[in-house]
Every structure is written in C-alpha cells, then in structure tokens.
Amino acid sequence: MSRAGTLAVSASGLRKSFGARLVLDGLDLEVAEGTIFALLGPNGAGKTTIIRILSTLITADAGKIRVAGRDVVTDADGVRAVIGVTGQFSAVDNLLTGAENLQMMTDLRHLGRRAGARRVAELLEQFELADAANQRLSTYSGGMRRRLDLAMTLVSRPQVIFLDEPTTGLDPPSRLTMWQIVRDLAAAGVTILLTTQYLDEADQLADRIAVLDQGHIVAEGTPAELKDRIPGGHFRLHFADGDLLRSATSLLPGAAADQDQLVLQVPADGSVDSLRQLLDTLHHARIAVERLTIHTPDLDDVFLAVTGSHAAGERDRDATTQGAAPR
Amino acid sequence: MTSFASTLSDTRVMFRRNLKHQLRYPSVTVMLVGLPIVFLLLFVYVFGGQLGAGLGPHQGRHDYLDYLVPGILLITLASVVQGTAIMVAMDMTGGIIDRFRTMAIARSSVLTGHVLGSLLQTLLAIAVLIGVAFGLGYRSSAGPLRWLAALGILALAGFALIWLAVALGLAAKSVETASNTPMFLILLPFLGSGFVPTATMPSGLRQFAEYQPFTPVADTVRGLLTGAAVGDHAIVAAVWCVGTAAGSYLWSVRLYDRRRAVQPR
C-alpha cells in the first residue's frame, strides 16, 4: 500500500493478444501521481491497447493493474469514476452542439443542473469554445473538435487522464495549444498518461518516457536519461568538393567523412566553445564550409539505439544553424 | 445517488440525446414515415379498386382501405426501425461509444435510450399513418377500448422490432450494412395477411404466411379495429412479440458486451 499510494497507475505483467497476435508481452508500467508519462512508439507497438486496458475498455489476458489505487477488473466503475479518456478517434457527438456535448457529460457525471451549467460555461471559456458553443460540430475545425473532446473528458475533474495520440492530425498552432493544455493540467496536479509517435512531443511534455516496441518497453526514463544513454551529438559540415572534405578530415580527429554526400560528421558535445574551436580550426586552414548543421541527440537516436530501427516516419532530425527552431 | 436513480438519470440523458438526433436529422424521420404513406396511397388508389373487388361481391376501394390499414401500420413499424438500426450502427462505429464505456454510467442506458427514442418515433409514425388513413376515408367501428388494445399490440410489436433492429445495428460492421439488413422486415407484411388474405396464396407460401409473426399481429389489429372476433390471434401475436423482444434483447446485450474484446481499429 505504501507504494501504491503514490502511484497513479501501476501495471505488472500486462499481457494481451488478439487471436494469434501477441500485442503486449508481459509489460510493467508505473506512473507517479501528478506527472506526465509518455508512451512512445511507432504504430502497432501496443500503445492504444495499453490505454484501452487501463481505461477499462478491454480486459488484459494477464497482469495486475491498478489505476488511482483501484483494480481495473474488480472495481472498473471505481476506476471509471476518477479517470478521463480522450482516444485517438474523436469521441464527440457530431449531431449536438459543443455546449450540448458538454452538458451531456455533466448530466452523465451527475453534477446536477446548476453545477453542471457552471462547469459547461467554465470549460467553454477555458478551451476557447464559447463563441462556437451553440454551433453544431459540423462547423468545428479539427483543433476545436479535439479541444471539445478533451473538455468533455475534463468535465468531472478526473485524477488520471489518458490521452491517446492527442495531437495526431492537428496543425502546428493547435498542437502547441494542446501541449499547453496538457502542461496546465499537470501543473494542477492531474496525472497524465499519453501516447505519441512524435518524439519531440514526448520530449517536450513528459516527465518520464517509456519507449514501446512490439509490446515491450525497450527503454524508460526521463528524456535526459534516455538521451544520456546514447553517444553525444555532432556537427555536420557540408563541403563544395572532395578535396576540401579530405583536408578537413585530416585536420579533425574522430571525424567521419561521407564522400558521396561531401559531408563530414564531427563528434561534439554541442557547446558553443566546441563550435568556436571547430570554426577557428577550419578558418585558419582556409577551408571553406558550405553549410554547417548541429545535431543534438534526440529521441529518434534513442529509438534507433534501443530497437535498431527508426521510429515511424523517419525524418531528418538536423536543425540548421540559421533556423534552429523546434519543429 | 442510488444505482436505480442513476440508471434512470443516465437513461433519460441517452433518450434525450436520441430525440435530439431525430430532430437534427428530420429528413430521416420524413423518409421513414414517407415510405408507408406512399405504400398506402399506392395500394388504395392504384391497386385498391381491383383488390377490393377481390374481397367479395359489392366490395370496392373503400373496403380494401379498411382491410389494408393494419398491414400498412406494420409496414410503418418495419420502416421506422430501419432508422433504429442505422442510429445504433452510427453510434457503434463512432468514437463516442468508447467515451461512454470509460465512464461510470449505467451500461444499459445507451441501448435503452435508442429503444425509447425509437418507440416514441414509432408511436408518432403510427399516429400520422392513422391520420392519413382517416383522411382517405378510413372508418372504424371500434370503440376507445378496442383502439387502445390495437395501439397496445402495435406498440408491443414495435418494441420487439426495435430491439431486433438494435441487435442488427450492433451486428453490422458498418452503417451501410445496418441500413440494409432490416430491409427484409418491410417485405414480411406482404408475405402474410397484411395486404391480401392468406387463403388466396398458393400452398407453401400460404403456410409460411399463416405462421410468420406479422400475420397474427395484423389479424389481431384488424379484428380489433373492425369489431370482428380476435380469437387466439392476440395471444399468438403477444407471444411472438415478447419472444422476439426477449431474444433480440439478449442478443443485443451480448453483442454490446462482446465489442469490448474487439481489436482496436
């Protein structure tokens, strides 16, 4: 009981298969109260299955699971009373207005007429939906729809919130809004377990991350811990021709040259000093560099290191020196 | 809140939701009620003269209208429940059902909300059709009690068909399937005593027509409205309705629960 008191979610030996396909293979999971925990993995890793089990939608084949100290099998309704779930597919009623959707939730949570109306108004305001409150959802944008979806989840002020790919399909501004909402919730003491296939999203939001691959957790820790597990970053130098590349290679110990792309990869810790040193060396040797990019280790590297394959949507993770803005 | 009170409250919420859906999609209701009206007009004005003459000497269009009304009311029931199956399938293929399942709400309320909503829609449709029939010159010698009994048996048959449609909607993998599977229900009153006496049918078909569930319901309603003896038709009709409702209810609950184990999309 001593540990369970501080854990919002604890699962051990979680096992689930659909027919012959084993989706979760003896998985353990612990989420501390009041933290944001991200399940990171490509499509088909089992993220959604975990959320569906923890939120009582389906039952596991084996494993002991407690959410907010309650057993998901023997006390499913107890769990349902304190959780909120926003799934991957929008769980809103398209034929109702935004306000009617929220009111339906307050009614189903038995808030009572007056308290319900107050909560509806509050949420409409908080999620910037007040103007569209009485419009039908067919007029809502994807971002508004997702905000309403989350607002419906929050009607009863759940202690634990499950978010299954909360930003999939959202445009960048809506995505940033959603991130802020998640952070605000966590700041208010709510425990959040979210899944994502976006590495930067987990990095941005989560206190702890579990990397999921084919039903196993292959790595777990804080974003910093995960990044520490892999070799540091590097500079990438792009040259105009092979001669310059060869001269630079001979000057810089430990550098790895790519003759085809005329790129030199120089290991570095990413500090300003190391960058200045590198530029000075090249300047003194009068070696012209076409372009320089800085690569800091990110979760894709972690994924590559722990699973031996890239996460979904292999992308160029390099940030150029001119515009090193986060994507 | 006691569990009974919260079940009642949750059911009311779902019922209200279903009514709102009906109001927001009036075209569906219009289409569902329009079909039996078209059938009524078709059978009275196109086929009615000829079919009426077939009922006996000195009989005509108006006599056929009197015969036809119970059959048309059954078509009305069968038509309205097409909408039930579609609504249920729409719910099950959408994301909102998963939200309901992760909330501590009465499990039965989602389906019961659909059933109550459809039942209200059915009663309204029956009222509309009876109104139209009266407009066409339909007259009944039945007193209030017999009318009430006729409406009661229609409501019971509607209730049974609604639960059947709920099950068909749950069983359907897509909304398109759900809009097709209950179609056979519209055909059944034709293959019974709904439109012509079963005695005029060739053997084989006649046996089917005499024993299929729509026939005792049609006969009971016709008997009640024309003032004729109802006999044991009413008991047979009631047994069919209760049996269909109970079987469909159990099937629905099973389908509703089994969906929990389905693989995520």
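**Notebook: a predicted two-chain model**

I began with A:Glu165, which counts as buried because 22 C-beta neighbours fall inside 10 Å. By the rule I used, a residue is buried if 20 or more other C-beta atoms lie within 10 Å of its own, exposed if 12 or fewer, and partly exposed in between, with C-beta atoms placed from the backbone. I noted that the model is predicted, that local features need pLDDT of at least 70, that side-chain atom pairs count only at pLDDT 80 or more, and that totals for chains, interfaces and linings use all residues. Residues are numbered from 1 along each chain as its sequence is written, and chains are lettered from A and ligands numbered from 1 in the order in which they are written.

**Entry 1. Backbone angles in chain A**

I found A:Glu165 in the loop between strand S7 (160-164) and helix H6 (172-187) of chain A. Helices here are DSSP runs of H or I with at least four residues, strands are runs of E with at least two, and both are numbered from the N terminus. A:Glu165 is not a glycine, yet its phi is positive, at about 45°.

I then looked up A:His110, also not a glycine, and read a positive phi of about 55°. A:His110 sits in the loop between H3 and helix H4 (113-126) of chain A. I recorded A:His110 as partly exposed, because 17 other C-beta atoms lie within 10 Å.

**Entry 2. A glycine in a loop**

I located A:Gly215 in the loop between strand S9 (208-213) and strand S10 (216-221) of chain A. Contact means that the C-beta atoms of two residues, placed from the backbone, lie within 7 Å. For A:Gly215 and A:Leu22, I noted a separation of 193 residues in sequence and 7.6 Å in space, C-alpha to C-alpha.

**Entry 3. Chain A as a whole**

I listed 11 helices and 15 strands for chain A. Of its 327 residues, 39% count as buried. I also took the contacts in chain A between residues at least 6 apart in sequence, and 68% of these join residues at least 24 apart. Chain A is divided into domain 1 (4-228) and domain 2 (234-296), with bounds from an automatic or database domain assignment. I noted 44 Å between the centres of these two domains of chain A, taken over C-alpha atoms.

**Entry 4. Where the chains meet**

I found 26 residues of chain A in contact with 23 residues of chain B. Which elements of chain A give two or more residues to the side that touches chain B? They are helix H1 (47-54), helix H2 (76-82), strand S6 (83-86) and helix H3 (98-108). The residues on that side of chain A divide into 14 nonpolar, 7 polar and 5 charged. In this classing, Ala, Val, Leu, Ile, Met, Phe, Trp, Tyr, Cys and Pro count as nonpolar, Asp, Glu, Lys and Arg as charged, and the others, Gly among them, as polar.

**Entry 5. A leucine in chain B**

I placed B:Leu65 in helix H4 (residues 61-93) of chain B. I recorded B:Leu65 as buried, because 21 other C-beta atoms lie within 10 Å. Apart from neighbours within four places in sequence, the contacts of B:Leu65 are B:Val44, B:Gly48, B:Ala133, B:Leu136, B:Gly137 and B:Tyr138. I noted that B:Leu65 and B:Tyr45 are 20 residues apart in sequence and 9.5 Å apart in space, C-alpha to C-alpha.

**Entry 6. Helix packing in chain B**

I looked up helix H7 (residues 144-171) of chain B against H11(B), and found an angle of about 165° with the axes 8 Å apart. H7(B) is therefore roughly antiparallel to H11(B). Angles under 35 degrees count as roughly parallel, over 145 as roughly antiparallel, 65 to 115 as roughly perpendicular and the rest as oblique. Axes are lines fitted to C-alpha atoms, for helices over the stretch in contact, and angles run from 0 to 180 degrees between N-to-C directions. By class, the contact of H7(B) with H11(B) has 9 nonpolar, 1 polar and 1 charged residues.

I then took helix H11 (residues 214-226) with helix H12 (residues 233-258), both of chain B, and read an angle of about 135° with the axes 8 Å apart. H11(B) is therefore oblique to H12(B). The contact involves B:Pro216, B:Val217, B:Asp219, B:Thr220 and B:Gly223 of H11(B), and B:His233, B:Ala234, B:Val236, B:Ala237 and B:Trp240 of H12(B). I classed these as 6 nonpolar, 3 polar and 1 charged residues.
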